[in-house]
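Colleague: Could you walk me through this structure, feature by feature? I would like to learn how to read each one.

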There are 2 protein chains.
Amino acid sequence: MAEQNTGGESLLFLTDENLRKGIEAMFFAYRGFTADPDRILEDMDYGRAHHRAVHFINRSPGTTVGNLLTILGVTKQSLNRVLRTLFDDGLVEARVGKQDKRERHLYLTDKGHALERALSDAQRARMRAAYRAAGPSAVQGFRTVLEAMMDAEQRRQYQGLKEGST
Amino acid sequence: MAEQNTGGESLLFLTDENLRKGIEAMFFAYRGFTADPDRILEDMDYGRAHHRAVHFINRSPGTTVGNLLTILGVTKQSLNRVLRTLFDDGLVEARVGKQDKRERHLYLTDKGHALERALSDAQRARMRAAYRAAGPSAVQGFRTVLEAMMDAEQRRQYQGLKEGST
DNA sequence: CTTGGAATGTCAACATAGCTGACGTATCTT
DNA sequence: AAGATACGTCAGCTATGTTGACATTCCAAG
């Protein structure tokens, strides 16, 4: 899929200095990337963990706690604390599985959808501005490099959903 | 996959779905980005905060506590806790400023350089692999988008050093 | 049916790394 | 001499991660 160094000859873009710039770019850009949602969340005593949970429940309605655990890469105890506050505040609801009653299927309530919308609107606005400023071919490169930077396991989750719905 | 109109007229690359993919790519890639250093750090009871401090002291030897505060965007109490352990473990040393004796100029010791090297080697290896797989033009796009994603203040710090030395 | 292992989810206790607020000290500047 | 600046520290709070113990449910073997 990814183009393999089509220029071929020059490897100047692999200098340590270039790599260092890439590393710092990730650091600073990630701060910008999370800044807008963080501002919204802090007004409601939530944190990034809540954001992540809401995001992935929205992406895959009916996903189980176990699925979420795998995607988020945290312990179930840690996730549980976040989920509990989301239940208590009426943003997420859990339905016991029909086939397997051990499972809890997670759904956003209307209120949950509203928060998700607010958060992703803010984040999308920044992403859109960056995309627009950079242009389509830069965006393609951006995605290609990020994809290559993931662990294999994470890349799998990034590419296909496969689980959760249905 | 997505057909891109490099002419720039089409704004198909700005769809919500594309933006969502970009958002998730940042999330998953950042995990990969930090995974290797995290493994090294955890063996020595350090965290990402130590990594960041060591990185920027290495980048700008002689930088002051105040500069570091600005770059890292944390409170001095938080930074201080980290710096103290780095002093105690002999990785960083602070020299009182010659012109302004209130300032503490920070330098890595040999031991500090060794840790910095280990951390950045791991991180650069992953970045290099990603760069190589993606190719030079993708890398350029990657950097362009990340830069556009930063806050103005962070972009300033990313682009030029200007402070610290001299 | 019963029993026991495996999967799933919850509760309790603790660690780390952020944060705010208040204060102290040394130093520079006016 | 007085105020501003740079740095350090104490005390206490919050968010989010960890491990350990436990409850519930499913499924399969006896």
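Modeller: Gladly; we will go from the chain to the sheet, the partner chain, the DNA and one loop.

Modeller: This is a predicted model, so to speak: local features need pLDDT of at least 70, side-chain atom pairs count only at pLDDT 80 or more, and totals for chains, interfaces and linings use all residues. Residues are numbered from 1 along each chain as its sequence is written, while chains are lettered from A and ligands numbered from 1 in the order in which they are written.

Colleague: Thanks! How many helices and strands does chain A have?

Modeller: Elements here are DSSP runs numbered from the N terminus, with helices (H or I) of at least four residues and strands (E) of at least two. Chain A has 7 helices and 3 strands, and from the N terminus on they run α-α-β-α-α-β-β-α-α-α. Its C-alpha atoms fill a box of roughly 60 × 35 × 25 Å along the principal axes.

Colleague: And what share of chain A is made up of buried residues?

Modeller: Count the other C-beta atoms, placed from the backbone, within 10 Å of a residue's own: 20 or more is buried, 12 or fewer is exposed, and in between is partly exposed. Of the 166 residues in chain A, 35% are buried.

Colleague: In what order do the strands of the sheet lie?

Modeller: Two strands pair if DSSP finds at least two bridges between them. In chain A the order is S1-S3-S2, an open sheet of 3 strands with antiparallel pairing. Strand S1 (63-64) and strand S2 (92-96) of chain A are at the edges, each with a single partner strand, so one side of each has no neighbour in the sheet. S2(A) is joined to strand S3 (residues 104-108) of chain A by 5 bridges, and A:Val92 stands opposite A:Leu108 in S3(A).

Colleague: Which elements of chain A touch chain B?

Modeller: Contact means that the C-beta atoms of two residues, placed from the backbone, lie within 7 Å. By that rule, 54 residues of chain A are in contact with 52 residues of chain B. Helix H1 (16-42), helix H5 (110-134), helix H6 (136-149) and helix H7 (152-159) of chain A each give two or more residues to this side.

Colleague: How do I read a pair of helices across that interface?

Modeller: The axes of H1(A) and helix H5 (residues 110-134) of chain B come within 10 Å and cross at roughly 95°. That makes H1(A) roughly perpendicular to H5(B), a label for angles of 65 to 115 degrees. Among the residues making the contact are A:Leu19 and A:Ile23 of H1(A) and B:Met127 of H5(B).

Colleague: Which residues come nearest to DNA strand D?

Modeller: A residue is near a strand if its C-beta atom, placed from the backbone, lies within 6 Å of it. Of the 25 residues around DNA strand D, A:Gly47, A:Gln77, A:Ser78, A:Lys101 and B:Gly66 come nearest. Helices supplying at least two residues each are H2 and helix H4 (76-88) of chain A, with helix H3 (65-72) and helix H4 (76-88) of chain B.

Colleague: Last one: where is A:Asp45?

Modeller: A:Asp45 is in the loop between H1 and helix H2 (48-59) of chain A. Its phi is near 60°, a positive value in a residue other than glycine. A:Asp45 is exposed, with 9 other C-beta atoms within 10 Å.

Methods: Axes fitted to C-alpha atoms, helices over the stretch in contact; angles between N-to-C directions. Parallel < 35°, antiparallel > 145°, perpendicular 65-115°, else oblique.
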